[in-house]
Each structure stands twice: as structure tokens, then as C-alpha cells.
Amino acid sequence: IIFSCFLCFFTTMASAQKVVHLLICGLGQIGSTLMDQLTCQAQVLASQRGLLLKVVGLVEYWGIVASPDGIPLNGWKAALEAGRGKVTDWPHLIEMLKKLPNAIVVDVTASADLPAQYPALLRAGISVVAANKKASSGTQAAYDLLQELTRGSSGPRLYIECNVGAGLPIISTLKGLVSAGDQVVTIEAVLSGTLSFIFNTFSADHTFSSVVRQAKQKGYTEPDPRDDLSGLDVARKILILSRIAGLKMELSDVQITPLLSAKVSAAASVDEFFTLLAAEDADYEAKRAAAAAEDKRLRFVAKLDMASKKATISLVAVDRTHPMYPLQGADNIVVFRTAYYSDRPLVVIGPGAGAAVTAAGVFTDILLHSIGQ
């Protein structure tokens, strides 16, 4: 997706320098990586294509810095630190951004509050690039409002490619199919890099609880692994794909078959969680061994069935003929079966997690906005 975006960008004639003003929210691992990528590429874009990416604001939960004149890319950390303790005033920020051409708010937070600002931003003509999936997986009414505010061929846009699959071209592929008149039959997907790693690593030599602990040590899981193992994040992603495919659905409509027992889920602490999970290792091993005896592998699969209008998530054993069988590492995979792709499915596969690929996907959306796509 990065290559295709740059190919389009570098074959588009630019008669004068174009300035794109960026307000970046969330300077954690992904946001910091995005700033590094912007810094490395800024001179190339400015000198070769006349595109100036100007960061005019940085927002964190603990502080903010904003200036219409721009914030030096090589000094952004010190600038943000100087704003520590300042409270974000969204009405003021929106007024500042309204006066700047080609303004984009980039949301790489996990905040449940920031998406509430999207309607006001879009009404003010300010586009949004979001890795945060809370808006697109919120209520159907809120989702419909965002679609309405971005419906015209001109005006603000909401870019959400990184809501599903980090930088993989999953959402753009599905939107392209739907726009071309294709009809989705089913979507099957492994949408969690964390859970993909866990089930790709789980074996007769590595107990389930030890693999979950390893995933936590590698930083693949949330501080409390139950946040990943609950399947809620996967539910948000399949909900987004379901809506793009044409269904009206709430998050509560997604049916999740739990990976964890009620006892493990209710553990009072992370330490107790691991103790209780280890006590159930034999149950997980029995499932793995039963699948292996049939030459199958376990995958935590989200499925959308358009005929029944249902989205489900469960642990599934797949055989060698299934596209999910050879998954490795923390890969994500989406298998589209449609009217056009009926004999053989359309498959998108690749890294579904990681700061570099997610930041690159966000960067791509910024560039797509810059060339008017």
C-alpha cells in the first residue's frame, strides 16, 4: 500500500508547493514512530514533489503544544514536554485548524473520548486519519453520522485503513470491492496479531499459559492479557468490516465464543490470572492435540456471513487446504469470498501489528489525503 500510494503521488504533477497541516494526537510507540517517518521523508517530499507536511500540534493526555507556524520536527519531543500539564481545548484547536488549508487531525491514541470530537472536526472541514478504531466501532448511529459528514466528493475525509490489520490494505480492498458492485458472501479473518502469535507458537512443547506469558513479555499483549484474549478488539474489527460490507450492526451483535473460562476471566489480578490459566493448560492442550491428530491447526477466527447477517468469533481448527493454515508469527489474514471471487477467495495476509507498519499505514493515509484521494 505504501508503494502504490507513492507511485500515484510521484506520478501526479504538482505546479506549486502544497502545505498539509497536521495535528497529531498520541505520541506513544506508534505516534513517535510516525514522527520519525515524517522527519525522514519530509525533505524528499518537499524538494521532489512540492509537498510540505507541517506539524502544527501535538496532543497527549498529559499535555499539548500547538502553533499555526509549525513545530520543528527535530525538536518535537522538547516542544511537547514544554506543554506538559496544559489541557487540550478542542474548540480552540478547531478554530486554529479551520484557518489552515489542508488540515488533518491524526488520531493514533486508544482514547474513547477523542472520537467524540470527529463530528465537530469534520463539520469544520478538517479531515481525520485514525488508527483509533473506537469511532468506527461505536454505535451504528454514530458511525452513520460520520459517513454522512464525509459523503461528498469534496470536503473532509475520514481515513480508517489502520483500524483493521495495521498497515495492511484490508479496508481499502473491501471498499474497492463494494464500490465495484461486488457482493460479499463471507469474510473469514485472523485479526489479532497477539492471538495469531499465541496460536502459532502454542505446541506440545509450549503450554498455552507459557505462550501467553511469552507474548506479554514480548510486548504483544496489553498489560493485562485478558484485554486481548477477551476477543473484544477482534469484535471491533469484524464489526467495522461488516459495516463496510453493508450491514447495520452493533458491537453487542458480534457473537464471541470465549477463549477463557469465567473463572480465569474473573481473576483479581494479572498474577492470579496466570496462575488460574496454568491450571487449565490441560484443557487447551486437549484442543490442540485433537486438532493436530487430524492434521489441523487452531486459529482464533472472526467470520462474517452475509446470508445470515451474523458476525461470530471462535476458536477454529483449520486443515491444510485453508488459507489460514500456514500463518506465521503475528500475521493477520483476511479471506474474502464474494460474487466475483467465488472459485478462489481473495486473500490479504501480512504483519497485523507493530509500530513501524501501523505508522506507515497512517503515513499513507496522510499522503492519500494530500493527493486528493
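## Salt bridges and rings: worked exercises

Searching the whole structure turns up 12 salt bridges (a side-chain nitrogen of Lys or Arg within 4 Å of a carboxyl oxygen of Asp or Glu). This is a predicted model, where local features need pLDDT of at least 70, side-chain atom pairs count only at pLDDT 80 or more, and totals for chains, interfaces and linings use all residues. Residues are numbered from 1 along each chain as its sequence is written, and side-chain values use heavy atoms, with hydrogens and water left out.

**Exercise 1.** Find the salt-bridge partner of Glu81, then work out how exposed Glu81 is.

*Solution.* Start with the contact: Glu81 meets Arg84, side chain to side chain, at 2.8 Å, N to O. Next, check accessibility (buried is under 20% relative accessible area, exposed over 50%, partly exposed in between, with a 1.4 Å probe and protein chains only). Glu81 comes out at 41%, so it's partly exposed. Arg84 has 47%, so it's partly exposed too.

**Exercise 2.** Say what the charged end of Arg84 sits over.

*Solution.* Look for a ring: it's that of Trp62, with the charged end 4.0 Å from the ring centre. The test is CZ of Arg, or NZ of Lys, within 6 Å of the ring centre and within 35 degrees of the ring normal.
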